[in-house]
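Biologist: Could you take me through this structure step by step?

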There are 4 protein chains.
Amino acid sequence: MGPVLARADEGDKRSAILAAALDLFVERGYYGTAVPAVAERAGVGAGTIYRYFKSKEDLVNELYRQCKAQLSMHVLVGISADAPPREQFHQLWARLADFFRRNQGTFSFLELHHHASYLDAESRAMEQRVLDLATSFITRLQAARVVKPISPDVIMAIVYWSFVGLGRCAQEGRLILGDENLAAAEQCIWEAIRL
Amino acid sequence: MGPVLARADEGDKRSAILAAALDLFVERGYYGTAVPAVAERAGVGAGTIYRYFKSKEDLVNELYRQCKAQLSMHVLVGISADAPPREQFHQLWARLADFFRRNQGTFSFLELHHHASYLDAESRAMEQRVLDLATSFITRLQAARVVKPISPDVIMAIVYWSFVGLGRCAQEGRLILGDENLAAAEQCIWEAIRL
Amino acid sequence: MGPVLARADEGDKRSAILAAALDLFVERGYYGTAVPAVAERAGVGAGTIYRYFKSKEDLVNELYRQCKAQLSMHVLVGISADAPPREQFHQLWARLADFFRRNQGTFSFLELHHHASYLDAESRAMEQRVLDLATSFITRLQAARVVKPISPDVIMAIVYWSFVGLGRCAQEGRLILGDENLAAAEQCIWEAIRL
Amino acid sequence: MGPVLARADEGDKRSAILAAALDLFVERGYYGTAVPAVAERAGVGAGTIYRYFKSKEDLVNELYRQCKAQLSMHVLVGISADAPPREQFHQLWARLADFFRRNQGTFSFLELHHHASYLDAESRAMEQRVLDLATSFITRLQAARVVKPISPDVIMAIVYWSFVGLGRCAQEGRLILGDENLAAAEQCIWEAIRL
DNA sequence: CATGAATGAGTTTTCATTCAT
DNA sequence: TATGAATGAAAACTCATTCAT
């Protein structure tokens, strides 16, 4: 077996561990999840996890960073900055919805592990970078006088956490996050923030 | 002394345990909090907790129900149903803010333990009752044609979770939840939901 | 209330505790029985037990001695020494059976706590006294050349433990310890030991 | 090395735990024996016991079944069914004595844990199988008109429990279970049951 | 590299005993 | 005298981590 395949295998194993950890951390929380349980679901030996991650804490932090990067890539990067503001907001909302539909686990994980005590400096730093990205997006719309000239954090909280709330309702089965509800919510939130 | 003081002492100890558990569950989560740690912070022996609560799970459920009741009492009960709709919404928002300011721990606890796997049937039932109360409040405003005629759950998610997001930003220090920001957010959310 | 009644009450309480302990020790064993459980079944406060007994170990030892005394009084004392030997043996057997029928709990307790590690010197001494009594009874029959001239302990083991075995079978429901089986067993054991 | 040695090691550890548990359960009883004490005597870590046994209850049940199987194999299986009845009984008695001499702990354990509340259905079932085996042995001798035609359970109780009693006396040091006493007791019990 | 048996510190929970009332 | 709430030491059991294979 050549080194290419070997590296692919390595990647596979690492990914399998991260995927298994994601599922279990969402289901049972960080402290509620045993490392051997992650190993079993990933189909690897318990010791193998320690080849790829220094500790359980390291694992959850790596996972957090990966998920955060995925979310911000998917949602924030590449929105057409020269489209009309309402269209930009529509794109943002649609990307959030798309990400949620395709990566419910990732979304739940991020939300449940928000600001948890075991997140390290690097994870906090990455969180800050994403926040900065989001803030600059809002500030641009405010500068164009299409979004209310209030604290960008207030705008951000409203947009992001409203969506989180909708996601939770959907997961609890109290709401179907179909096109209709998504469109209605989008319009609500737009009216909330537009000038 | 008489039984009055004795009962007060009993209540004191029970309350001390609940208060200590609230703090620690918010800081470290349910699985991350050891029962002796709760005991120590409450200033009682570890065994004493089991006089008042059947198990750690029982403790977290009792706490959940107490907090949920407190929140819904404070926020939903007693809003003047005959005031103008905008005024009713203002009262709701002000009560949320007031509750948050005075019971940040309670608020965080409820939000972190939302739909956790260790919540029992009774806690779920209480949650449902509070949801029903909130839904009927929204439905009334929709019937009066002052709130958008979309799924009440969407309205509820937007109002409640926007506030949760603001609370989180405040706790992380990214936002000061003063009168100005609160008023701005209130106006945003009103514009989000009003017809 | 006069001292007479008070003392009667005291006796009642002590007896209630001993009776409760007997039941529970038989059901769950010494280590398997909690002192508060004894208190509850006896209808007294947990602390009260420590007015009458120095410790759990003291309680089980007092109980052991009381039961042992009861058994030996009932079975060994007062057998007509001048009756024919077969009649003496019949009396012994009938008394054992009678005691078992009327005090199954006491009988089981004695048998289960035979030579347990928590029995103290006094209890062992009482056990020895009862053994001596039994031995002298057997030796007398051997001197009269009606019982086999072998070690009295062998005779004793056969008589007493055969009866214990019958009692156990009865308690497990595999045998009804009625007149018929008792008479049959008596005749067997007599033939076992008679010269 | 190969899997053969590996498996032998596994078996060694499991056996060490069972042997340690046997000793301690005999000395202090089930509830009186702490799992870490078993671990220490077995020379393994406390957690290791839970690799081999699901719980303390599982451990005691496995041990019970193993001991019961050993006893019945040793005593009941392979008695020459075509030897003269008195010789068959002699073989039985000699096997009991031999088993006792070589496995005092096993014998005591079985006797102390007879019908204990923590024995599970499988253990009870195995006990029943052994009882059935013994009953059929007795019934055969009764059919041949060499043993008294009374309830086989009475016969069994007399034979087995007399031996138990002798074993106890020996363990307490009140009796030496040498050839002489064994032969005397054997003759007694034979006279007890023979027609 | 990968494994999973082994471990002991840490978890939840129980209980013998004390002591304020 | 009687109580039962309070306690902390010790129980059963779990799990992050290591290491021999």
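What follows is a short exchange of questions and answers about the chain and its domains.

Modeller: This is a predicted model, in which local features need pLDDT of at least 70 and side-chain atom pairs count only at pLDDT 80 or more, while totals for chains, interfaces and linings use all residues. Residues are numbered from 1 along each chain as its sequence is written, and chains are lettered from A and ligands numbered from 1 in the order in which they are written.

Biologist: How many helices and strands does chain A have?

Modeller: Helices (H or I, at least four residues) and strands (E, at least two) are taken as DSSP runs, numbered from the N terminus. Read from that end, the elements of chain A run α-α-α-α-α-α-α-α-α. The count is therefore nine helices and zero strands.

Biologist: Which element gives the most to the side of domain 1 of chain A that touches domain 2 of chain A?

Modeller: Counting residues as in contact if their C-beta atoms, placed from the backbone, lie within 7 Å, the contact takes ten residues from domain 1 of chain A and 14 residues from domain 2 of chain A. On the domain 1 side, six residues come from the element that gives the most, which is helix 1 (residues 3-28) of chain A.

Notes:
Two residues are in contact if their C-beta atoms, placed from the backbone, lie within 7 Å.
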